[in-house]
Amino acid sequence: MSKTALSFIAKSTIKAADLEHRRKINFNIGKYNATVPQGKKQFTSLGSSRELAKNRKWEAIEHLDKYLLEFEERITARGAQVIWAEDTQQALEAIGKICREKNCSTLVKSKSMVTEEIHLNEFLEQEGIESVETDLGEYIQQLDGEPPYHIVTPAMHKSKEDVAKLFAEKLGTPAHLSPEELTLVARKILREKYTSAEVGVTGGNFILADVGGIAITENEGNARLSCSWPPTHIVVVGIEKVLPSVHDLSLFWPLLSTFGTGQQVTVYNSIITGPRQPGETDGPEEMYVILLDNGRTHLLEQPDFRQALYCIRCGACLNACPVYKNIGGHSYETTYSGPIGKVITPHLQGLDEYQHLSYASSLCGNCTEVCPVNIQLHEMLLDNRHEAVLQGMSSMGERLAWKFWKIASLNRSLLNMGNARLKNWVVNRVFKGWTANRSDLDFAGKTFNEWWKEQETPQ
């Protein structure tokens, strides 16, 4: 078992028993569950909308090379520079080079999971550059020295009392400020950072091929300020975020909003098509778009896993997952947690180190049920497990246990042998690996075969 797996088991065991953590998560996800049904009412046929979205992402991913080149051609024609980064190192080197050229000492950054993926803040700190998270949830997490807990709501695991205490410790504010007062404190601090930053960094919710644009959706306006106020704007975006046309946004923006937060549409929706043009009064002087691969083409080349690239990062599968709600986002020790993280992380960071994530699932299928683009997440978790076994990553004890189970399951006389008490003892006490983190199995008093014979016997 890898060190990563051992750490995951240790952290998840502790967190699963933390009742206060469970209370906070259930409260916050309960609010989400109450609003999402309202947002869904805007769709005449939600099932048809989800299927159409999946088909549009299929089109984009199946012709990814074509659409990425089309995007590059369109946006560079308006003065932006496109940088292709195969991995984290190339992306960081490009950002570092730009920052050095601009004599950057302060950088403002809007919410972006892909910049978390490449650990941008840590890199900039080593370069002597102050990197400031401007999304309120991300700002809270940065103050606390923690990574995001959730794809959409980074500080979901914190209560308002936790945030008030954090602000008091880090910023010297009164200890019992209300959420509104805390927001105003952060707003004042962050507005000053916008005016002094030489570089602004954003992610991108979608890459629009036909117009050469980056679509950004948000609720706070911090992304607009990050990309328009500093003289240099850097976009870091995964290559899978492509949509064929700007007209697809009429479908994808409402889907992302509804499944992400329960809104019909988020407050701020922007399409960035390049730096400031002649005659325009605002916007950055220069714009760079870093198209990040970082293992995505590895997923692309595998037909069984390619649909994982359809993900629009709404976070719905995390909110629906019973495992996530018990062990929390930080137990995974990955950028992308929850069901989608369990599917893609082994392919992005190595199956040998992260195969354990695909086993941390009840396979209830709730993640697939709530996915706005109909990704078959629970099936791909099984595919990951199968792939790990094919590559010889299972232990000898595990292989023997399943071999014996298969032999017994295919032999009626063996299944009928012994009573339920004996079977329970063998499974729960001999094969202890199964019950180490699960409740005991409890065999029925009679096998189905025995019960069926009784039904056929005349009374």
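Author: Buried means under 20% relative accessible area, and exposed means over 50%. The model discussed here is predicted.

Reader: Why is leucine 318 called buried?

Author: Leucine 318 has 0% relative accessibility, and the criterion asks for under 20%; therefore leucine 318 counts as buried. Leucine 318 belongs to helix α14, residues 316-320. With neighbours within four places in sequence left aside, its contacts are His150, Ile151, Tyr324, Lys325, Ser337, Gly338, Pro339 and Ile340. Threonine 345, 27 residues from leucine 318 in sequence, is 15 Å from leucine 318 in space, C-alpha to C-alpha.

Reader: Why does valine 323 count as buried?

Author: Valine 323 has 19% relative accessibility; the limit is under 20%, so valine 323 counts as buried. Valine 323 is part of helix α15, residues 322-327. Residues up to four places away in sequence not being counted, valine 323 touches Gly328, Tyr332, Lys342, Ala360, Ser361 and Ser362.

Reader: How far apart are valine 323 and phenylalanine 206 in sequence and in space?

Author: The sequence separation of valine 323 and phenylalanine 206 is 117 residues, and their C-alpha atoms are 29 Å apart.

Reader: What makes threonine 4 buried, and which residues does threonine 4 touch?

Author: The relative accessible area of threonine 4 is 14%, and buried means under 20%; threonine 4 is therefore buried. Threonine 4 lies in helix α1, which covers residues 3-16. Beyond residues up to four places away in sequence, threonine 4 touches Glu333, Glu353, Tyr354 and His356. Leucine 357 is 353 residues from threonine 4 in sequence, with a C-alpha to C-alpha distance of 9.8 Å.

Reader: Where is threonine 447 found, and is threonine 447 buried or exposed?

Author: Threonine 447 is found in the loop between α23 (432-435) and α24 (448-456). Its relative accessible area is 14%, which is under 20%, so threonine 447 is buried. Leaving aside neighbours within four places in sequence, threonine 447 is in contact with Arg412, Leu415, Asn416 and Lys423.

Reader: Is asparagine 103 buried or exposed, and why?

Author: Asparagine 103 is exposed because its relative accessible area is 65%, and exposed means over 50%. Asparagine 103 lies in the loop between α5 (88-101) and β2 (106-109). Although asparagine 103 is not a glycine, asparagine 103 has a positive phi of about 50°.

Reader: What of asparagine 294: buried or exposed, and why?

Author: Asparagine 294 has 15% relative accessibility; the limit is under 20%, so asparagine 294 counts as buried. The loop that holds asparagine 294 lies between β10 (286-292) and α13 (296-300). Asparagine 294 is not a glycine, yet has a positive phi of about 50°.

Reader: What makes α12 mostly covered?

Author: Eleven of the 13 residues of α12 are buried.

Reader: Why does the radius of gyration of the protein chain agree with that of a compact globule?

Author: For 459 residues, a compact globule would have a radius of gyration near 23 Å; the protein chain has 25 Å, and therefore the value agrees. Along its principal axes, the C-alpha trace spans about 90 × 55 × 45 Å. The protein chain has 24 helices and ten strands.

Reader: What share of the residues in the protein chain is buried, and what share of the contacts joins residues at least 24 apart?

Author: Buried residues make up 51% of the 459 residues. Among contacts between residues at least 6 apart in sequence, 73% join residues at least 24 apart.

Reader: What can be said of the surface and the charges of the protein chain?

Author: The accessible surface comes to about 22,400 Å², and carbon and sulfur atoms account for 54% of that area. The protein chain has 49 positive and 56 negative charges, whose mean positions are 7 Å apart.

Note on methods
Residues are numbered from 1 along each chain as its sequence is written. This is a predicted model: local features need pLDDT of at least 70, side-chain atom pairs count only at pLDDT 80 or more; totals for chains, interfaces and linings use all residues. Side-chain values use heavy atoms; hydrogens and water are left out. Helices (H or I, at least four residues) and strands (E, at least two) are DSSP runs, numbered from the N terminus. Buried means under 20% relative accessible area, exposed over 50%, partly exposed in between (1.4 Å probe, protein chains only). Contact means heavy atoms within 4.5 Å. The radius of gyration is taken over C-alpha atoms; the globule rule is 2.2 Å times the number of residues to the power 0.38. Accessible areas come from the Shrake-Rupley method with a 1.4 Å probe; for residues, only the protein chains shown count as cover. Lys and Arg count as positive and Asp and Glu as negative; His and the chain ends are not counted. The place of a charge is taken as NZ of Lys, CZ of Arg, CG of Asp or CD of Glu.
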